[in-house]
Amino acid sequence: MFLILFINGCTLINPKYINFSTKPNNHYYTDQLNKKILNNESFTISVFDTNLYKEIQVSNDDSSIIENFIKSLVTSDYIDESVSDKEPFRLKITFKDSKFLIKVFNNATVSISPWDGNYAEDFISMKDVPLRYNLYDFCNYIENK
């Protein structure tokens, strides 16, 4: 009897993390990140090397790479399949009220999601992105700087 009352007591007053709807589009989180950047919200970037478990802060001079990367994307760059490989790098973008995580799988694929998102990540192909905005090369640059 107690178990039934306990389960019933856990009503969905604020179902923040339970979401049964589908993702609006395959670039939903990228649009959210872009909106924050376009509103000139201040942010910091750090590169996390998953092989060495080492986090490196990115200087403000190099932080424009995220805005340029997002501006260079077109609709055909968003892919629907997921990647099962372990990512060698993670970019953590920290705003005042939220955090975004960009997983860099290789020089051709990344994913974007908020720290606590309800939907699947946005998977992006970087094959048509200009080389100067490739996030894999950027992470290698920051690591060796």
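α2 passes α3 in a left-handed crossing; that is, the near helix is turned anticlockwise from the far one by less than a right angle, while clockwise would be right-handed. The contact (heavy atoms within 4.5 Å) is made by Thr30, Leu33, Asn34 and Ile37 of α2 and by Ile66, Glu67 and Ile70 of α3. Four of these residues are nonpolar, two polar and one charged. Here Ala, Val, Leu, Ile, Met, Phe, Trp, Tyr, Cys and Pro count as nonpolar, Asp, Glu, Lys and Arg as charged, and the others, Gly among them, as polar.

This is a predicted model: local features need pLDDT of at least 70, side-chain atom pairs count only at pLDDT 80 or more, and totals for chains, interfaces and linings use all residues. Residues are numbered from 1 along each chain as its sequence is written, and side-chain values use heavy atoms, with hydrogens and water left out.

Next, the core. The largest nonpolar core has 31 residues. Such a core is a set of buried Ala, Val, Leu, Ile, Met, Phe, Trp, Tyr and Cys residues joined through side-chain atoms within 4.5 Å; buried means under 20% relative accessible area, exposed over 50%, partly exposed in between (1.4 Å probe, protein chains only). Leu33, Ile66 and Ile102 are among the residues with the most contacts inside this core.

Finally, histidine 27. Leaving aside neighbours within four places in sequence, histidine 27 is in contact with Tyr78 and Asp122. Histidine 27 and aspartate 77 are 50 residues apart in sequence, yet 9.5 Å apart in space, C-alpha to C-alpha.

Conventions. Helix = DSSP H or I, 4+ residues; strand = E, 2+ residues; numbered from the N terminus.
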